[in-house]
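Open the model in your viewer and keep the sequence panel beside it. This tour goes from stop to stop, with a selection at each.

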Amino acid sequence: VRGISFDVKDEKPLEEMFSNVGPVNSCFLVRDKGAEKHKGFGFVTFALPEDAQRAVDELNNTPLAGRKMQLEVANKRAPLADRKRKRPE
């Protein structure tokens, strides 16, 4: 989820909005370590992949706290060991 308004102080409004689509396993706003203010984006994890796609289809460009959010399905990251191996030396 990108474009989250800085007026949103915690995950609750985000979780409430997305729970209307399907069961939410987790929801968090990305922050710098130790910072209270988030960076304007976050992640929502649904119990079912179909719910994640439906959320993108139904809620993309939906305003939250006066700002339109952009949604896309995130790809899983490769394991850390694999990412380190691909780095040029």
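In which loop does Asn 20 lie? Select Asn 20: its loop is the one between α1 (12-19) and β1 (24-31). Helices (H or I, at least four residues) and strands (E, at least two) are DSSP runs, numbered from the N terminus.

Before going on, two notes on the ground rules. This is a predicted model, where local features need pLDDT of at least 70 and side-chain atom pairs count only at pLDDT 80 or more, while totals for chains, interfaces and linings use all residues. Residues are numbered from 1 along each chain as its sequence is written, and side-chain values use heavy atoms, with hydrogens and water left out.

**Whole chain**

Colour by pLDDT, the predictor's confidence in each residue, from 0 to 100. The protein chain averages 91, and 96% of the residues score at least 70. Confidence is lowest in helix α3 (residues 80-85), with a mean of 81. Strand β4 (residues 67-68) has the highest, at 96.

Switch to cartoon. The protein chain has three helices and four strands. From the N terminus, the order is α-β-β-α-β-β-α. The C-alpha trace spans about 45 × 30 × 20 Å along its principal axes.

Now show the surface. The protein chain exposes about 6,600 Å², of which carbon and sulfur atoms supply 50%. That area comes from the Shrake-Rupley method with a 1.4 Å probe. Of the 89 residues, 30% are buried. Buried means under 20% relative accessible area, exposed over 50%, and partly exposed in between (1.4 Å probe, protein chains only).

Return to Asn 20. Is this residue buried or exposed? Asn 20 is exposed, at 67% relative accessible area. Draw a C-alpha distance to Phe 46: 11 Å, across 26 residues of chain.

Select Leu 48, in the loop between β2 (38-46) and α2 (49-59). Leu 48 is partly exposed, with a relative accessibility of 43%. Its C-alpha lies 9.2 Å from that of Asn 25, 23 residues apart in sequence.

Step into helix α2 and pick Asp 51. This aspartate is buried, with a relative accessible area of 5%. What does Asp 51 touch, not counting residues up to four places away in sequence? The list is Val 21, Gly 22, Pro 23 and Phe 46. Contact here means heavy atoms within 4.5 Å.

**The phenylalanine cluster**

Show the rings of Phe 28, Phe 41 and Phe 43, which ring pairs link into a cluster. Rings of Phe, Tyr and Trp (its six-membered ring) pair if their centres lie within 6.5 Å; planes under 30 degrees apart count as stacked, over 60 as edge-to-face and the rest as tilted. By this rule there are three aromatic pairs. Phe 41 and Phe 43 form an edge-to-face pair, 6.4 Å centre to centre with 75 degrees between the planes. Phe 41 is partly exposed at 31%, and Phe 43 is partly exposed at 35%.

**Two positive phi angles**

Most residues other than glycine have a negative phi. Select Asn 61, in the loop between α2 and β3 (63-64). Its phi is near 65 degrees, a positive value. Asn 61 is partly exposed, at 41%.

Finish at Ala 65, in the loop between β3 and β4. Ala 65 has a positive phi of about 55 degrees, although it is not a glycine. Its relative accessible area is 43%, partly exposed.
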